[in-house]
Amino acid sequence: MPVQGRRFTVRRAKARPVGGRSLGLPTGSLSGVVGLVEKGFPYAAIERFHKTSGLSVGSIADLVRIPQRTLMRRKAKGRLSSEESERLLRVSGIFEKAMELFEGDADGARHWLTTPSKELDGQSPLDFSRTEIGAREVEDLIGRLEHGVFT
């Protein structure tokens, strides 16, 4: 229902970087990444994230909630489901933000991501990122750390 007597101007938001670098995905447009998620990432995205992050494939599968037998089927099929792809994109985005926080130091980022944090009720940032709301809280924590806000 339109609002009477008011004029609204909708401005195009600045293009923001889309995650996926650590998965070996093209990081162009947001709509392009959405299309890739809907189609399901190639299984190779997990292997690329394993190499980039240093996390084991088993740990990645656990974070993305893919049981071991299902992971083997995905490997044979060569493609993840769209839900699994979305969760993998979320976890890789958290890793990429941690890499920025640690200025490209993958070991430092991995250590921070896997160490329990009192700010996250004793969970590690990666474990806390298993849900969308948890991932947003980890992103907020990273932002506070970047800006020196420790409260």
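**Reading the helical model**

Author: The secondary structure of this chain comes to 8 helices and 0 strands, where helices (H or I, at least four residues) and strands (E, at least two) are DSSP runs numbered from the N terminus. The model is predicted: local features need pLDDT of at least 70, side-chain atom pairs count only at pLDDT 80 or more, and totals for chains, interfaces and linings use all residues. Residues are numbered from 1 along each chain as its sequence is written, and side-chain values use heavy atoms, with hydrogens and water left out. Along the sequence the pattern reads α-α-α-α-α-α-α-α.

Reader: What percentage of the residues of the chain count as buried?

Author: Burial is read from relative accessible area: buried means under 20%, exposed over 50%, and partly exposed in between (1.4 Å probe, protein chains only). Of the 151 residues in this chain, 38% count as buried.

Reader: How is a nonpolar core read, and how many residues has the largest one?

Author: In soluble globular proteins, nonpolar side chains tend to be buried together. A nonpolar core is a set of buried Ala, Val, Leu, Ile, Met, Phe, Trp, Tyr and Cys residues joined through side-chain atoms within 4.5 Å. The largest one here has 35 residues, and those with the most contacts inside it are Leu23, Phe41, Ile46, Phe49 and Leu88. Two or more residues each are given by helices H1 (30-39), H2 (44-53), H3 (57-63), H5 (82-101), H6 (106-114), H7 (125-128) and H8 (132-146). The largest share, 8 residues, comes from H5. Leaving aside residues up to four places away in sequence, Ile46 touches Val57, Ile60, Ile66, Leu71, Leu80 and Leu88.

Reader: Is serine 22 buried or exposed, and which residues does it touch?

Author: Serine 22, in the segment before H1, counts as buried at 4% relative accessibility. Not counting residues up to four places away in sequence, Ser22 touches Arg48, Phe49, Thr52, Ser92, Phe95 and Glu96.

Reader: How are aromatic pairs read, and how many does a search of the whole structure find?

Author: A pair of aromatic rings is described by the distance of the centres and the angle of the planes. Rings of Phe, Tyr and Trp (its six-membered ring) pair if their centres lie within 6.5 Å; planes under 30 degrees apart count as stacked, over 60 as edge-to-face and the rest as tilted. The search of the whole structure finds 2 pairs. Phe49 and Phe95 form an edge-to-face pair, 5.6 Å centre to centre with 85 degrees between the planes. Phe49 lies in helix H2 and Phe95 in helix H5, so this pair ties together parts that are 46 residues apart in sequence. Both Phe49 and Phe95 are buried. Phe102 and Trp112 form a tilted pair, at 6.4 Å centre to centre and 45 degrees between the planes. Phe102 belongs to the loop between H5 and H6 and Trp112 to helix H6, so the pair ties together parts 10 residues apart in sequence. Phe102 is partly exposed at 28% relative accessible area, whereas Trp112 is buried at 17%.

Reader: How is helix packing read, and at what angle do H5 and H8 pack?

Author: Axes are lines fitted to C-alpha atoms, for helices over the stretch in contact, and angles run from 0 to 180 degrees between N-to-C directions. H5 and H8 pack at about 5 degrees, with their axes 10 Å apart. They are therefore roughly parallel to each other; angles under 35 degrees count as roughly parallel, over 145 as roughly antiparallel, 65 to 115 as roughly perpendicular and the rest as oblique. On the H5 side, the contact residues include Arg90, Ile94 and Leu101, and on the H8 side they include Glu132, Val138 and Ile142. The residues of this contact divide into 7 nonpolar, no polar and 6 charged. In this division, Ala, Val, Leu, Ile, Met, Phe, Trp, Tyr, Cys and Pro count as nonpolar, Asp, Glu, Lys and Arg as charged, and the others, Gly among them, as polar.

Reader: Where is glutamate 103 found, and what is its phi?

Author: Glu103 is found in the loop between H5 and H6. Its phi is near 50 degrees, a positive value in a residue other than glycine. At 74% relative accessibility, Glu103 counts as exposed.

Note on methods:
Contact = heavy atoms within 4.5 Å.
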